[in-house]
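This report is meant for a reader who is meeting the structure for the first time. Please keep the model in view while reading the sections that follow.

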Amino acid sequence: MKNNNQTIPLICERMRKYRKKKKIKQKQIAELLRVDASVISKVEGGKAKDVLFYAKEYAYALNLTKEETQMLLSSSKAAMPDSSALMSAEDVIEKLSERYYLILIPGSVIERLNNIKDAVIASSKKEQHMAKCALHYIRRHLTSKHSSSEGSASAKSLSSSESHNSTQVSIFRTLPNEGIVPAATEAAKEYLIPIDIITCDFFLPKMYRLGSNIDILLLQELKH
């Protein structure tokens, strides 16, 4: 794991998130780790030198699951493919799983694929077929594990049963007709991780002014 200036603040924020999720105060976690409460304050504030060490201690003390621990310690980004990327080929998730351990699919993208499949916005039989295949392909990769109901843009976490590197594939529930960039922005806040939007739309990167934790990448340009 890279110990860099971009990763450490994210890990510190995740440590605070998981501690509060478990309803444990800083004083209590300090007692569990047998350190002074001021140390915990410095660690969560990103002012300690051994953040990664304490993050692992947090995972043990808070009894985090394997997936939660992986999320806590991750220095990588998550991928969020849009409908154009998912309709482009049947091996999109496999390709992305070689680069990302977390793949988020917005509910609005699922809604769009359903609309195309049902000929609401489809322009051709071929497009309908591609959308139908994409939906079937997504379902084939999802095995329900647990869900979170925090906020209106909550996330349902699922594990891919086929990915070779334990990639997590999740449906991220969004508001109806919500665009891919707003969805990525909400997901970045929810998961506390930078997001790469994956698309086949050459115009999409030119349409938005993105935050520092959101990038738009063309699927065609990803190297595997």
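Arg112 belongs to helix H8, which is made up of residues 107–117. Although Arg112 and Asn177 are separated by 65 residues in the sequence, their C-alpha atoms are 8.0 Å apart in space. All of this is read from a predicted model.

## Overall make-up

The protein contains eleven helices and seven strands. Of its 224 residues, 45% count as buried. When contacts between residues at least 6 apart in sequence are considered, 61% of them join residues that are at least 24 apart.

## The nonpolar core

The largest nonpolar core comprises 65 residues, and those with the most contacts inside it are Met15, Ile105, Leu113 and Ile195. Helix H10, which covers residues 180–191, gives the most to this core, contributing seven residues.

## Helix H9

Helix H9 runs over residues 125–141, and its 17 residues should span 24 Å at 1.5 Å a residue; the C-alpha atoms at its ends are 25 Å apart, which agrees with that expectation. Buried residues in H9 are Gln128, Ala131, Ala134, Leu135, Tyr137, Ile138 and His141. An α-helix has 3.6 residues a turn, so residues three or four places apart point the same way.

## Two helix pairs

Helix H2 (residues 26–33) packs against helix H4 (residues 51–61) at an angle of about 95°, and their axes are 10 Å apart. The two helices are therefore roughly perpendicular to each other, since angles from 65 to 115 degrees are counted in that way. On the H2 side the contact is made by Ile29, Leu32 and Leu33, which meet Tyr54, Glu57, Tyr58 and Ala61 in H4. By class, the residues of this contact divide into six nonpolar, no polar and one charged.

Helix H1 (residues 7–21) and H5 form another pair, whose axes come within 8 Å and cross at roughly 145°. Here Ile11, Arg14, Met15, Tyr18 and Lys21 in H1 meet Glu68, Met71, Leu72 and Leu73 in H5. The contact of H1 with H5 has six nonpolar, no polar and three charged residues.

## Loop residues with positive phi

Arg34 is not a glycine, and yet it has a positive phi of about 60°. Arg34 is placed in the loop between H2 and helix H3, the latter covering 37–44. With a relative accessibility of 79%, Arg34 counts as exposed, because the limit for that class is over 50%.

Asn63 likewise has a positive phi, of about 55°, although it is not a glycine. Asn63 lies in the loop that joins H4 and helix H5 (66–73). The relative accessible area of Asn63 is 63%, and Asn63 is therefore exposed.

Technical notes
Residues numbered from 1 in each chain as written. Predicted model: local features only at pLDDT ≥ 70, side-chain atom pairs only at ≥ 80, totals over all residues. Heavy atoms only, no water. Helix = DSSP H or I, 4+ residues; strand = E, 2+ residues; numbered from the N terminus. Expected span 1.5 Å × (residues − 1). Buried < 20%, exposed > 50% of the residue type's maximum accessible area, 1.4 Å probe, protein only. Axes fitted to C-alpha atoms, helices over the stretch in contact; angles between N-to-C directions. Parallel < 35°, antiparallel > 145°, perpendicular 65-115°, else oblique. Contact = heavy atoms within 4.5 Å. Nonpolar A, V, L, I, M, F, W, Y, C, P; charged D, E, K, R; others polar. Core = buried A, V, L, I, M, F, W, Y, C linked by side-chain atoms within 4.5 Å.
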